[in-house]
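The sequence and the structure are shown first.

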Amino acid sequence: MKFLHYSILLLLVAACASDYKARKAVAPDSVCTEKIKPVGIKTAWYTTHIDVIGKHISGLLLVKQMPDSSKRVVFTNEAGVTFLDFEFRADGSFQVKQVIKQLDRKAVIQLLRKDFELMLGIPFRKGVYESWQMNDERYFGVPQKKETAYFITGADCASLRRIELGSKRKKKVTVEMWGDNLTTPDSVKVKHYTFNMVIGLKKIER
Amino acid sequence: MFRNFIQNKGIVAKYTLLLITGLTVALQVSAQYAGYKSVNDLAAFKKQFATESAKVQSITSDFVQQKELLALTETITSSGKFWFKRSNRVRIDYTKPFTYRMVMNGDKMLVKDDQKESRINVKSNKLFQQVNKIMIDCVQGTILDSKDFTTRVFENDKTYLLEMTPVSKTLKEFFQTIVLNVEKKDYSVKSIDMNEPSGDKTTITFSNKVLNAQVADEVFAL
């Protein structure tokens, strides 16, 4: 019984621990931010896998940079049926152009909107960055409504390690990209930490 | 929320079923359209269509699929292979530029992508049953009598054109019309257009069709 109490206590302590406790504020580095700041995916098609709480769905995702500088994200199944079409305008506004009934829920749309915004680099467009150092990584953060969007580099600012969305204490979402050109990365992984969800993208060579 | 989308209804299967239905309709048969005129004797066409459909025991075909996103001026092309065996077995393999397999065998279905495979009982919901019925109507050559679509039939010298408009709200959400282009010589389908309400369109064009060749049951193994 005592062991159980200690275990629960340990779990509670672990749950309350801040992911960002060890970070230390450092002076902004405009050279690094300009060099590494994510500009987001421009135009590419991806095969897509979404795993949510043990369930799996696949399809094709199109990210398209439009002539008016807006970006569109369209998710279809392999057979061509469109599930959703989101528009991210240059002025920061957002519009659902199309969504099937089953996905037309505010929570779902907001969740996907935030994930796609990270992939598209939208939070970093006109950011005034705060900077931190933690372990061997540098964090550059832009406050959002209730969260902070970060891009993270190594100590040498050589490359982008990941994009991250966090609350004051907890890491909520990470976006990792691989490939020579991060405006059309070869693969992308979006991982949620507050519940079990992973989105995996793999570029389609046409 | 998102979980419900995936979990509740086996949504992946539903939408892939819609494709299977389209393809099956397409390979079983054979607005006003340029160069086409309305078929005068619809009853005779229906009878002939049913007769020709009944002769088809199996189909093997290659296909090319083009999904056009009108507003985005984007097209994605994929290709693969299609199999059908009477009475209710269908398999579709996408091989380029991605791999994806759908197999429908009676009441059961397999969906396999490059990461996972899922097995679904088609009887598990109403939409499955509706789509299953459409498929059987196609197999039996009675799709023209189906209450799921209103159909108009046109013809030119070489082809019939079947314009199918969904009746149910569910199908209407995805398709404005499904248009089949059927060769008169053997009632096989050259192409199928799935027109979405948004104006986007998916066209599937068949080639290397082989009718009534031996197709092993193992092709449809789940």
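How many bridges join strand β3 of chain B to strand β4 of chain B, and do these strands run parallel or antiparallel? In this predicted model, β3 (residues 74–85) and β4 (residues 89–96) of chain B are joined by seven bridges and run antiparallel.

## Strand pairing in chain B

The link between β3(B) and β4(B) is a hairpin that passes through three residues, and Lys85(B) has Arg89(B) of β4(B) as its bridge partner. On from there, β4(B) pairs with strand β5 (residues 100–105) of chain B, again in the antiparallel sense, over six bridges. These two strands form a hairpin with three residues between them, and Arg89(B) stands opposite Asn105(B) in β5(B). Arg89(B) is therefore a point at which both pairings can be followed, since its partners are Lys85(B) and Asn105(B).

Both pairings belong to an open sheet of 12 strands with antiparallel pairing, whose order is β1-β8-β9-β10-β11-β12-β2-β3-β4-β5-β6-β7 in chain B. Its edge strands are β1 (37–38) and β7 (117–121) of chain B, each of which pairs on one side only. On to the next strand in the order, β8(B) pairs with β9 (residues 159–166) of chain B in the antiparallel sense over seven bridges. β8(B) and β9(B) form a hairpin with three residues between them, and Phe149(B) stands opposite Pro166(B) in β9(B).

## Composition and overall form

Chain B has five helices and 12 strands, while the secondary structure of chain A comes to three helices and 13 strands. The radius of gyration of chain A is 18 Å, close to the 17 Å that the globule rule gives for 206 residues, so chain A is as compact as a globular protein of that length. Taken along the principal axes, the C-alpha atoms of chain A fill a box of roughly 55 × 50 × 30 Å.

Buried residues account for 33% of the 206 residues in chain A and for 41% of the 222 residues in chain B. Of the contacts in chain A between residues at least 6 apart in sequence, 38% join residues at least 24 apart.

## Nonpolar cores

The largest nonpolar core has 42 residues, and those with the most contacts inside it are Leu61(A), Leu62(A), Leu118(A), Met119(A) and Val175(A). Apart from this core lies another, of 37 residues, with Ile59(B), Val90(B), Met109(B) and Leu161(B) among them. In soluble globular proteins, nonpolar side chains tend to be buried together.

Beyond its neighbours within four places in sequence, Leu61(A) is in contact with Tyr46(A), Thr48(A), Val73(A), Phe75(A) and Leu201(A). Leu62(A) lies in strand β3 (residues 55–65) of chain A and counts as buried because it has 22 C-beta neighbours inside 10 Å. Its C-alpha atom is separated by 7.4 Å from that of Thr43(A), a residue 19 places away along the chain. Leaving aside neighbours within four places in sequence, Leu62(A) is in contact with Trp45(A) and Val74(A), and also with Leu69(B) and Glu74(B) of the other chain.

## Contact between the chains

In the interface, 33 residues of chain B are in contact with 33 residues of chain A. On the side of chain B that touches chain A, at least two residues each are supplied by α1 (2–7), α2 (11–28), β2 (58–69), β3 and α5 (169–174) of chain B. The largest share, six residues, comes from α2(B). By class, this side of chain B has 18 nonpolar, seven polar and eight charged residues.

## Confidence in chain A

The mean pLDDT of chain A is 90, and 92% of its residues reach 70 or more. Confidence in this chain is lowest in helix α1 (residues 2–16) of chain A, at a mean of 51, and highest in strand β12 (residues 187–192) of chain A, at 98.

Over residues 9–14 of chain A the pLDDT is below 50, and beyond near neighbours in sequence this stretch has zero contacts in the model. Where pLDDT is low, the predicted coordinates should not be read in detail.

Definitions and conventions: Residues are numbered from 1 along each chain as its sequence is written. Chains are lettered from A and ligands numbered from 1 in the order in which they are written. This is a predicted model: local features need pLDDT of at least 70, side-chain atom pairs count only at pLDDT 80 or more; totals for chains, interfaces and linings use all residues. Helices (H or I, at least four residues) and strands (E, at least two) are DSSP runs, numbered from the N terminus. The radius of gyration is taken over C-alpha atoms; the globule rule is 2.2 Å times the number of residues to the power 0.38. A residue is buried if 20 or more other C-beta atoms lie within 10 Å of its own, exposed if 12 or fewer, and partly exposed in between; C-beta atoms are placed from the backbone. Two residues are in contact if their C-beta atoms, placed from the backbone, lie within 7 Å. A nonpolar core is a set of buried Ala, Val, Leu, Ile, Met, Phe, Trp, Tyr and Cys residues joined through C-beta atoms within 7 Å. Ala, Val, Leu, Ile, Met, Phe, Trp, Tyr, Cys and Pro count as nonpolar, Asp, Glu, Lys and Arg as charged, and the others, Gly among them, as polar. pLDDT is the predictor's confidence in each residue, from 0 to 100.
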